[in-house]
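Reader: Hi! Could you walk me through this model?
Author: Happy to. Here it is.

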Amino acid sequence: MSEQGATQDRIEPEYDLIVIGGGAVGENVADRAVQGGLSVLLVENELVGGDCSYWACMPSKALLRSGAARRAAQRVAGARESVTGPLEVGAVLARRTSFTSDWDDSGQVDWVASAGIDLLRGRGRLAGERTVEVTTSSVEDDDAGETVVRRLRARHAVAVCTGSRAAVPDTPGLRAACPWTSREATSATEIPGRLAIIGGGVVAVEMATAYADLGASVTLLVRSGLLAKEEPFAGELVGAGLREAGVDVRLGVSVDEVTRPEAGGEVTLVLTDGSTLTADEVLVATGREPRTDDLGLDAVGLDDGSWLPTDETLRVLGGDGAPIDWLYAVGDANHRALLTHQGKYQARAAGDVIAARARGRAVDDAAWGTHVATADHRSVPQVTFADPEVASIGLTAAAAQRAGLPTRVLDYEIGQTAGGSLQADGYTGTARIVVDTEREVLVGATFVGQDVAELLHSATVAVVGEVPLHRLWHAVPSYPTMSEVWLRLLEAYGRPGQLDS
Ligand SMILES: Cc1cc2nc3c(=O)[nH]c(=O)nc-3n(C[C@H](O)[C@H](O)[C@H](O)COP(=O)(O)OP(=O)(O)OC[C@H]3O[C@@H](n4cnc5c(N)ncnc54)[C@H](O)[C@@H]3O)c2cc1C
Ligand SMILES: NC(=O)c1ccc[n+]([C@@H]2O[C@H](COP(=O)([O-])OP(=O)(O)OC[C@H]3O[C@@H](n4cnc5c(N)ncnc54)[C@H](O)[C@@H]3O)[C@@H](O)[C@H]2O)c1
């Protein structure tokens, strides 16, 4: 019997697979497993679709898109003259809300049903091997008014897809000030006059861009560098873009103390340089922590609240470092790559391998095989939707050097291509490729500039496919597009096999 509520004595159905967490990742694990012939229960305690749909990717990109479209028009003579006013804040927020279906998940619930997945609303918790206890909220359960704990058994596997949440540092006064995290920033219905943002990563940069576009006076407090995981020129160009948009970007500064005498009132931040900053709202964008607390991990010899490391087929590694044969962790919860597309990529592998193991079929767990998530290691694509956009894949020059690879690094100004010069008057942006000179293949690429997001997949294909540079010379970019930057970068490297080179 759980302490959290009464266990019911109903006879519970058994499922082949129980998935805890119905975000984008859990949905995909469940879907693939059903397609592989398994019966699946999906347990979700908030909105089906998870953070990406309601408090992360989709609303944040919707908040950013109107400003990006306006800027793109302002950078082209002829269009510029017709775009003179500020953004219509109400319309931007309404468009954002339409992308979240007004935080109503019935569309996704319908999809889950149509995919043949059973859904149980409630909080899932491991209660032993292949056993999950689900505390169902009273309104969702048949027995309204009572919290009920249901104990369910999985015949083959349990997948933990519980995601992550914003980490709030232990800065004195910060938690008591009830700061915004990305949840509030992506779901806001009013724009604060003055917004202080703590952090210099992706969330901080994207939200600084969006809120500056929406008329807030934004101060960005960056402890070290902007977008520190990217090539250094990415942070420099994004910093310049933010300053041009009116954001007060302060590098090398953090927060010592926060005070907010009245709930919802002004908030004062004492900074590490001794100065103070007063704002109407403060957004904490200092990274993520796993949503694995109170998940019953102790029942399987692991620590509650920790990230869940996995083997290449997404099975959780137990205390002894060996994979637990029935327990999987997929998506943010395993900390391999905190991105929706990587989580869904893992989900496809996990759902398929769970079905293969359950059916006694062969498992293909060699690198780049059907049942592994090899790309998580050296070929993770990511776009930061700032102005300029940052689109990168694989290793930075510094990371390649740390990995001991023999490399050459080639840079080219995107504005010097015909496509770039047409895209925007005075186009500013840089592309970089990192070449492994021994194998003559790309191991990394970064594009920084307006509208570079859609350039990224070409680089992803080249890196994942390990396409030899001499073959890339035959991949002809259309004229006049920004893709011509590929040709310029290859020319800068030199044609492999050229007799006189
Ligand atoms: C502001 C912001 C913007 C982002 N933008 C992008 C982007 O543009 N592109 C991109 O690729 N990535 C982006 N990300 C990252 C992306 O949101 C995550 O990588 C993705 O949501 C992870 O999916 P998930 O399914 O693993 O976790 P989640 O989306 O967090 O889903 C986990 C689900 O599990 C449920 N759950 C948790 N615990 C339990 C439990 N015990 N029982 C039952 N249910 C439970 C939760 O309610 C939730 O629905 C962004 C993140 C943030 C914060
Ligand atoms: N477009 C996208 O793909 C997208 C958008 C948003 C978020 N995400 C994902 O969400 C994840 C979380 O993003 P994030 O920006 O919160 O994390 P992050 O790890 O990218 O950046 C965290 C930032 O906070 C700073 N920081 C950490 N602790 C601090 C402290 N105590 N005081 C001051 N500064 C501190 C770090 O130096 C860093 O600049 C990312 O890993 C990213 O993959 C992706």
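This is a predicted model: local features need pLDDT of at least 70, side-chain atom pairs count only at pLDDT 80 or more; totals for chains, interfaces and linings use all residues.

Reader: Thanks! What angle do α3 and α7 pack at?
Author: About 60 degrees, with the axes 9 Å apart. Axes are lines fitted to C-alpha atoms, for helices over the stretch in contact, and angles run from 0 to 180 degrees between N-to-C directions. Helices (H or I, at least four residues) and strands (E, at least two) are DSSP runs, numbered from the N terminus.

Reader: And which residues of α3 and α7 meet?
Author: Among them, Leu63, Leu64 and Arg71 in α3 and Met207, Thr209 and Asp213 in α7. Contact here means heavy atoms within 4.5 Å.

Reader: How do α3 and α4 pack?
Author: At about 150 degrees, with axes 8 Å apart, so they are roughly antiparallel. Residues that meet include Met58 and Leu63 in α3, and Val92 and Phe99 in α4.

Reader: Switching topic: which residues touch the most other members of the largest nonpolar core?
Author: Ile197, Tyr211, Val218, Leu220 and Leu242, out of 35 residues. Such a core is a set of buried Ala, Val, Leu, Ile, Met, Phe, Trp, Tyr and Cys residues joined through side-chain atoms within 4.5 Å; buried means under 20% relative accessible area, with a 1.4 Å probe and protein chains only.

Reader: Which element gives the most to that core?
Author: α7, with 7 residues. Elements giving two or more also include α3, α4 and β10.

Reader: What does Leu242 touch, beyond its sequence neighbours?
Author: Leaving aside those within four places, its contacts include Val205, Leu220, Val249 and Asp387. There is also a second, separate core of 31 residues, with Tyr427 and Leu472 among them.

Reader: Last one: how do α1 and α9 pack?
Author: α1 (residues 24–35) and α9 (residues 340–359) pack at about 30 degrees, with axes 7 Å apart, and are therefore roughly parallel. Val25 and Val29 in α1 are among the residues meeting α9, where Ala347 and Ile354 are included.

Note on methods
Residues are numbered from 1 along each chain as its sequence is written. Chains are lettered from A and ligands numbered from 1 in the order in which they are written. Side-chain values use heavy atoms; hydrogens and water are left out. Buried means under 20% relative accessible area, exposed over 50%, partly exposed in between (1.4 Å probe, protein chains only). Angles under 35 degrees count as roughly parallel, over 145 as roughly antiparallel, 65 to 115 as roughly perpendicular and the rest as oblique.
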